[in-house]
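Trainee: Could you walk me through reading a few local features, one at a time? I'd like the general idea and then the case at hand.

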Amino acid sequence: MKKVIFLICSYVLLPLLGFGQVKIMVGSEHPTAKGELQNFLKKNGELLLVYKKRGAIILQKFDSKLNLASQDMYEGFVVPFEVQLLCELNGRSLLFYSYCFDEFKKDLVLAYREVDFYKGKFKGEEHPASARL
């Protein structure tokens, strides 16, 4: 019985004493924006993240080695708004979002802005994608 207890203790305790301690490094740290992650777009190993933070949209661009290439915050959106979709359409990166003009949500507007994926910035101004509903 003593041999069985000794074997169990040796199998349980010996790995805990130093043999099982290994330091594993998965990747390096990178800064992220504080906000609701809404969408991301990936091309050629590069990554574009879109965050919504109160009345602003934050675009973060990471290169293929996951280093932060650019980060821009855009304000001036009609509040409240919701980010709907970030997509690639006919070679253009588009960010769709919706907003209301009144608190009863009767005048819902869907709009989009074109994003320069490689710079991580908006191109041009807002375009309404639909008439008011």
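Trainee: Let's start with accessibility: is Asn 44 buried or exposed?

Mentor: Keep in mind that this is a predicted model. The cut-off for exposed is over 50% relative accessible area. Asn 44 has 66%, so it counts as exposed. You'll find Asn 44 in the loop between strand E1 (36–43) and strand E2 (46–53). Look at its backbone too: Asn 44 isn't a glycine, yet its phi is positive, about 50°.

Trainee: And which loop holds Arg 54?

Mentor: The one between E2 and E3. Arg 54 is another non-glycine residue with a positive phi of about 50°. Its relative accessible area is 74%, so Arg 54 is exposed.

Trainee: Now a charged side chain: which residue of opposite charge is nearest to Arg 113?

Mentor: Glu 125, at 4.9 Å. A salt bridge needs the charged atoms within 4 Å, and Arg 113 has none, although it is buried. Arg 113 sits in strand E7 (residues 108–116).

Trainee: What lies 2.8 Å from a polar atom of the Arg 113 side chain?

Mentor: The backbone oxygen of Gly 124. Beyond its sequence neighbours, Arg 113 touches residues including Phe 77, Tyr 97, Phe 122 and Glu 126.

How values were computed
Residues are numbered from 1 along each chain as its sequence is written. This is a predicted model: local features need pLDDT of at least 70, side-chain atom pairs count only at pLDDT 80 or more; totals for chains, interfaces and linings use all residues. Side-chain values use heavy atoms; hydrogens and water are left out. Helices (H or I, at least four residues) and strands (E, at least two) are DSSP runs, numbered from the N terminus. Buried means under 20% relative accessible area, exposed over 50%, partly exposed in between (1.4 Å probe, protein chains only). Lys and Arg count as positive and Asp and Glu as negative; His and the chain ends are not counted. A polar contact is a pair of N or O atoms within 3.5 Å; within protein, one must be able to donate a hydrogen and the other to accept it, and residues adjacent in sequence count only if both atoms are side-chain atoms. Contact means heavy atoms within 4.5 Å. Lists of a residue's contacts leave out its neighbours within four places in sequence.
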